[in-house]
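Please open the structure in your viewer and keep the selection tool at hand. The tour goes from stop to stop, with something to select at each one.

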Amino acid sequence: MTATTGTTGTQPDGGASRMDPRRSACVLIGVDDYAYRDSLPSVRRNLTALRAVLTDEEIWGIPEDRITVVANPTAPAALVGPIREAGERAEDTLIVYYAGHGILDGPDEQLMLTLPGSVDDQPDTCVRAHDVRRAIRDTGAALRRVLILDCCYSGGALTDMAGADAGRRGSEAAVETLRDVNGSYVMTSAPRDRKSMTRDPRRCSVFTGALVDVMREGLPDGPPMLGLHTLFLAVKERMAGMQPEVPQEPQDEDRNGVGLLEFVRNVAVLPPLAPPDAPSAAPPRRIRTLVWSLAAGTAGLALGLGVPPAVDWWHDRHPAPATGSCGASDDDAQPRAILLDHSDDLDKKQVDYEPVEGISSLALVSEGPVVKALALADNSPGRVFPLTLGTPTDLRPKADTADTLRRANGGEYPEWYDGEALVVEKGGRTMLIGSETGPAIRRFDISTGRQVGQDFPIPEDLRYWPRGGAQIGRSIESLAVSPGGRHLYAGWEAPLAKDGDKRGRGIIRIQRYTGTPGGSYTPDGQYAYLSGDGMNLVELVALDDKGGLLALERNYTAGLGTSVRVVQLSLDKARDVTDDDSLYGRSADVFAREEQVLTLADCPAGGPGAVATPGSAQINPLLDNVEGMALGKPWTSGPNRGWHPLYLISDDNGSGEQITRLYSLAVRLRP
């Protein structure tokens, strides 16, 4: 082994005793989707987990806008470019991490970092470690520069980066990495002649998993602050305990004492920065915002070499979080949705002896430091629960006393209310609620829960038999109000009897109303779209004033479980079908265009136990009876700039076999 340390007790020229996260920059690069070699699904776990600990204020706390994740860069410039950009921003420390397949090329066996389309014996399809070294060395004025490689033969960087004749210096090369960079540190997952490994694609790689765990757990016998070399020694010790199943030895090298500087807080010995909300509260979570690039994954690993269960002990104790890309991608290979967090904190809870159950709709009322919302229960009597949700990356939902929906005179509705849809009108004083009993759309005062004005008109053909063709119990399931308040959209859950389906895809009608917030709304157009196979419409969100909508679909099949997906709709070119008696067999240009944003089954469920399993069988434990959806305003800064926070909530139907679960995601929508 050639792991070495640098000069003890010294600091880089002009350096402070701790790496300052607020003046640093970090690039996490991962390649998991390969065209000509084994894929590396674990790489997405590496990027997710590593980004989470680095942005955690309790650990290091680099700001969200100073960490960049690059997933599956398709060209050398797409890999090296973000390194140079980060180098220009870093005043204190530049950190570069790469995970993917590593290969040795040429007679001198240079280390090559691979791209999705890299081909053996074609070095121009890869990125030389030497080029990464130049990007790190030649860019910006950072006081110190750190490179962490988790890929096969990554120890080759200790030689390749030392200079053209490094191969002739043998073990001396280990202390020569980035020798001309004043203040540098390199950590690699393996020597230059060994492969890096992973066993379970649902978990981090052996090396990155150990590194993340050490930062997340801390060292009980360590100092208050941990340096990079101290982290390295702890990682090395963990991996040594897995021998001989893990025949890889991590390496490090240090120039000018960078590895000895204070880097992260030792959470095992230091108290939390902020006390918990209550004595019984859970420890602070370590999960932070994820960017599109989390669709990438685990470090450059040889999947052909299996690692027996001896390496699993720390994974079992600390399973990978259920965060990351939800699989739906478009033609530029970027994900459309990323799961940020989920919480079951509302499940089977009571507020003033009233159960928080049957949640069928969700509407945001505030997006300040803590997100606030209203949640509609579909049981009787109709109730609306005020909720605090926490933040998109750290959900901590709590419910307050529910307001019962009442008639204008204060009397209760005598029949089963079955409220399924809720939107808050512009101004925040009133809310519109759709009920399948009737069906009906009514306005309520938020402060009193009393109805304001008359029921909204419902077109005859959208009513139940014998007046119309709506299926009993499958009428109004969703409401959405355009941002300006001019249009109200009401979505019917299932096709009308006269419409049917098109090869299994339901023909769903959406009724548009035109009016003013707090005033009257009049039906003025009907539109239709084709749902997913066997899916029903359960929620809508209006994206603009031109007919852009987000639709939540759900279906349950006994023995197969639940399906949940979100699609983006455009009514812009769809035809008004108000006067069409039946839509069965109509041509495709009649319907609204739809584009899938996410399928919940494709979201990562994390390691074993990271997601509680519902009583009913599901292909992914995240799945349950999702019925509510709310969309936040787009982020205006940081790595998620331009994306929207999206919240979903499931309806447990008051059953012990189902869960009231809140989800938060980041979604990228079409303009």
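**Stops along the chain**

Begin with proline 439, which sits in the loop between strand S22 (430–435) and strand S23 (440–445). Helices (H or I, at least four residues) and strands (E, at least two) are DSSP runs, numbered from the N terminus. The model is predicted, so local features need pLDDT of at least 70 and side-chain atom pairs count only at pLDDT 80 or more, while totals for chains, interfaces and linings use all residues. Residues are numbered from 1 along each chain as its sequence is written, and side-chain values use heavy atoms, with hydrogens and water left out.

Proline 466 is placed in the loop between strand S24 (451–452) and strand S25 (476–481). Most residues other than glycine have a negative phi, and most peptide bonds are trans.

Now go to asparagine 256, in the loop between strand S10 (251–255) and strand S11 (264–265). Asparagine 256 is not a glycine, yet its phi is positive, about 70 degrees. Is asparagine 256 buried, exposed or partly exposed? Its relative accessible area is 22%, so asparagine 256 counts as partly exposed; buried means under 20% relative accessible area, exposed over 50%, and partly exposed in between (1.4 Å probe, protein chains only).

Lysine 348 is the next selection, in the loop between S13 and strand S14 (350–351). Lysine 348 has a positive phi of about 60 degrees and is not a glycine either. Lysine 348 is partly exposed because its relative accessibility is 42%.

Turn to the cysteines. Which two cysteines does a disulfide join? Select cysteine 326 and cysteine 603: the disulfide joins them, S to S 2.0 Å. A disulfide is a pair of cysteine sulfur atoms within 2.5 Å, and by this rule the count comes to one. This pair links distant parts of the chain, 277 residues apart: cysteine 326 is in the loop between strand S12 (324–325) and strand S13 (337–343), and cysteine 603 is in the loop between strand S33 (593–599) and strand S34 (626–631). The link of cysteine 326 and cysteine 603 is right-handed, with 105 degrees about the S-S bond. Cysteine 326 and cysteine 603 are both buried.

Finish with cysteine 151, buried because its relative accessibility is 0%, and cysteine 204, buried because its relative accessible area is 8%.
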